[in-house]
Amino acid sequence: DDDEELSGIFHFIEHTLFHSNRFRTAAQITEDVEDSGDDIDAATDFDSTTFWVLGKSKYLPRNLRIVYEAVTNFRYNEEEIEKDKGETISELKRYIDSPEKNYIEHLFIPILLRRTFAERPILGNPKTVRRFNLENLVAFKKKFYVPDNMMIFISGKFNEGKAMDAIEKTLGRIKKCSLAQ
């Protein structure tokens, strides 16, 4: 549930997830995943941000590490943040220019879900996006990207023991705290 003043910040965080961080450059993230034929992405909905990696099981430890690095990164390049603001505002304008998307996102959903966290547009609006900065980006990630608010799903053919070991070495290292804190 993002603050009304910062409506859309979870979607914005999604845009920043696979940028350069303290672990890898954006180019290294892309190369590490895509050069092996794998695919990584993220999406934001009303009540969640989802990361996924489609890949071969032999790369599972590396792919979990990349997701872990995205989740635990709190160092951002200010220029990349400003660039993402522009891209997000452009995305918002494309929604406005698309009558069916604009109708659903800005008319139907707010009426249907009035007085709930979901009445606000997932993407936010240009005014709120312009407010995003390093401080509120990091604060929201620290508040919501916590173990009590995460689920991990792995499907396909993989070694369960190796998967659990990879999870413990990455996402399992995140400091335990609850959303209530």
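This is a predicted model: local features need pLDDT of at least 70, side-chain atom pairs count only at pLDDT 80 or more; totals for chains, interfaces and linings use all residues.
1. Residues are numbered from 1 along each chain as its sequence is written, and side-chain values use heavy atoms, with hydrogens and water left out.

2. What does Asp38 pair with? The side chain of Asp38 meets that of Lys56 in a salt bridge, at 3.6 Å from N to O. The pair ties together parts that are 18 residues apart in sequence, since Asp38 sits in the loop between α2 (26-34) and β1 (39-44) and Lys56 in the loop between β2 (49-54) and α3 (60-72). Lys56 is partly exposed, at 39% relative accessible area. For the record, a salt bridge is a side-chain nitrogen of Lys or Arg within 4 Å of a carboxyl oxygen of Asp or Glu, and by this rule the count is nine. Helices (H or I, at least four residues) and strands (E, at least two) are DSSP runs, numbered from the N terminus.

3. On the overall layout, there are eight helices and two strands, in the order α-α-β-β-α-α-α-α-α-α along the sequence. Of the 181 residues, 39% are buried. Counting contacts (heavy atoms within 4.5 Å) between residues at least 6 apart in sequence, 75% join residues at least 24 apart. Lys127 belongs to helix α6 (residues 126-131) and is exposed, at 57%.

4. Arg24 and Asp32 form a salt bridge with 2.3 Å between N and O; that is the value in the model, so check it by eye if you like, with Arg24 buried at 14% relative accessibility and Asp32 partly exposed at 26%. Glu69 and Arg65 form another, their closest N and O atoms being 3.4 Å apart. Both of these lie in helix α3, four residues apart, about one turn of the helix. An α-helix has 3.6 residues a turn, so residues three or four places apart point the same way. Glu69 is buried at 4%, whereas Arg65 is partly exposed at 27%. Through shared partners, salt bridges join Arg24, Asp32, Arg65 and Glu69 into one network.

5. The geometry of α3 checks out: at 1.5 Å a residue, its 13 residues should span 18 Å, and its end C-alpha atoms are 18 Å apart, which agrees.

6. The largest nonpolar core has 35 residues, of which Ile13, Leu17, Phe18 and Phe140 touch the most other members. At least two residues each come from α1 (9-16), α2, β1, α3, α4 (78-97), α7 and α8, and α3 has the largest share, seven residues. By definition such a core is a set of buried Ala, Val, Leu, Ile, Met, Phe, Trp, Tyr and Cys residues joined through side-chain atoms within 4.5 Å.

7. Lys141, in helix α7, is the one I'd ask about. Where is the nearest side chain of opposite charge? Lys141 is buried without a salt bridge, and that side chain, Asp84, is 11 Å away (Lys and Arg count as positive, Asp and Glu as negative; His and the chain ends are not counted). A polar atom of the Lys141 side chain does lie 3.4 Å from the backbone oxygen of Val71. Beyond neighbours within four places in sequence, Lys141 is in contact with residues including Ile13, Leu17, Ala70, Phe74 and Tyr76.

8. Asn73 also touches Lys141, along with Ser20, Asn21 and Arg22, leaving out residues up to four places away in sequence. Asn73 sits in the loop between α3 and α4 and is buried, at 3%. A polar atom of its side chain lies 3.5 Å from the backbone nitrogen of Arg22.

Technical notes. Buried means under 20% relative accessible area, exposed over 50%, partly exposed in between (1.4 Å probe, protein chains only). The expected span of a helix is 1.5 Å times one less than its number of residues. A polar contact is a pair of N or O atoms within 3.5 Å; within protein, one must be able to donate a hydrogen and the other to accept it, and residues adjacent in sequence count only if both atoms are side-chain atoms.
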